[in-house]
Amino acid sequence: MAKLIMERKMGDNLYLHKDFHASMDIALAYIDKRYGKEGIEEYLARFTDSYHKELIGKIQEEGLSAFKDYLVSIFAIEECADCLKIMMNEDSLHAVISKGFYVYSISKCGQMVLVNVYGRILNKSGYNFELLFLDDTTGACEFKVKRIGR
Amino acid sequence: MISCTEFIPAYSQVFKYLHEKEGYAGVVKFWEHISDEYVEPRLGQLIKEKGIAGCYEYWSKSLNEENADFSMTLDEEKGEFEIVMNKCPSKGMLLKLDPSNVYNDYCDHCDLLYRRVVEKYGLSYYFEPDKDNMACCRLKVTIKTGKAHE
């Protein structure tokens with residue numbers, strides 16, 4: 001009969017719970033089932049507008065380097081830094097992702113997430129987002145971003 | 001892609017979205033779905049295989065990966081498993097975010113999601129939620145002896 005005790009303080013561990021992705025995938029599939037693709041778009045727009053408000057403001061102020069820093073940081077956190085390549089100049093950015101850190105295999109809405117999160121962040125910041133390629137089986141993708149009007 | 005470090009605000013926004021469409025009852029329905037689709041295959045299967053010790057194994061992984069501040073005890077002789085959450089990382093994160101990200105009844109999902117699975121396997125589940133936004137809570141699972149636990 002075991003008696004086990006575990007005590008942890010915040011900071012003892014790294015914050016990386018990859019199972020969260022599966023829950024998100026289930027949630028997106030649930031919204032799809034009840035409200036269709038429009039529902040997913042509506043939900044993702046609300047998430048992006050609320051959560052990424054600060055990032056949008058930063059891109060408006062500092063330009064694409066703020067978006068590049070964001071991508072680099074989340075790929076590093078997800079331990080996928082080597083899957084991300086970014087070519088950038090002042091008004092444009094070209095990202096090539098060799099493998100996604102998660103593949104939305106339940107909801108199958110990888111493209112919708114890219115367009116309605118990254119795309120929306122960039123559109124609201126004054127840039128066009130163009131998804132050039134997405135492999136639904138690996139999450140590999142490529143997109144280009146250009147300042148609107150240039 | 002939504003990083004797993006962005007999951008809490010994304011999940012909270014799912015609850016807000018569903019509440020607006022279907023009210024609290026609709027959110028509860030979603031939590032039941034998540035419990036069946038996500039928690040049951042993980043926590044449920046561990047309890048099925050290992051009894052109350054399965055709780056210790058399940059939360060050992062998730063709480064460490066979420067960088068929580070907690071104390072967790074398994075006493076198989078007494079038939080008790082307890083988590084004292086000193087600082088919940090999810091609630092802690094929500095408290096720092098703009099209110100547009102926050103579903104006010106966010107913590108309720110922790111009661112429903114796990115209770116539904118734990119009680120299915122004949123164990124008792126007690127949940128004491130966070131009070132006054134301190135990001136502290138407590139849950140206790142006991143082997144049923146006919147006597148309610150506190």
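Tutor: We'll talk about the interface and then about one residue. This is a predicted model, where local features need pLDDT of at least 70, side-chain atom pairs count only at pLDDT 80 or more, and totals for chains, interfaces and linings use all residues. Residues are numbered from 1 along each chain as written, chains are lettered from A in the order written, and side-chain values use heavy atoms, leaving out hydrogens and water.

Student: Thanks! How many residues of chain A and chain B take part in the contact?
Tutor: Chain A gives 55 residues and chain B gives 51, with contact meaning heavy atoms within 4.5 Å.

Student: And what area is buried between them?
Tutor: About 5100 Å², with carbon and sulfur atoms giving 60%. Buried area is the accessible area (1.4 Å probe) that two parts lose on being put together, summed over both.

Student: How many salt bridges are there between chain A and chain B?
Tutor: The count is 6, a salt bridge being a side-chain nitrogen of Lys or Arg within 4 Å of a carboxyl oxygen of Asp or Glu. One of them joins K3(A) to D75(B), with the closest N and O atoms 3.8 Å apart.

Student: Which residues does K99(A) touch?
Tutor: Leaving aside residues up to four places away in sequence, K99(A) touches F75(A), C83(A), T138(A), G139(A) and A140(A). The C-alpha atoms of K99(A) and A140(A) are separated by 4.3 Å, though these residues are 41 apart along the chain.
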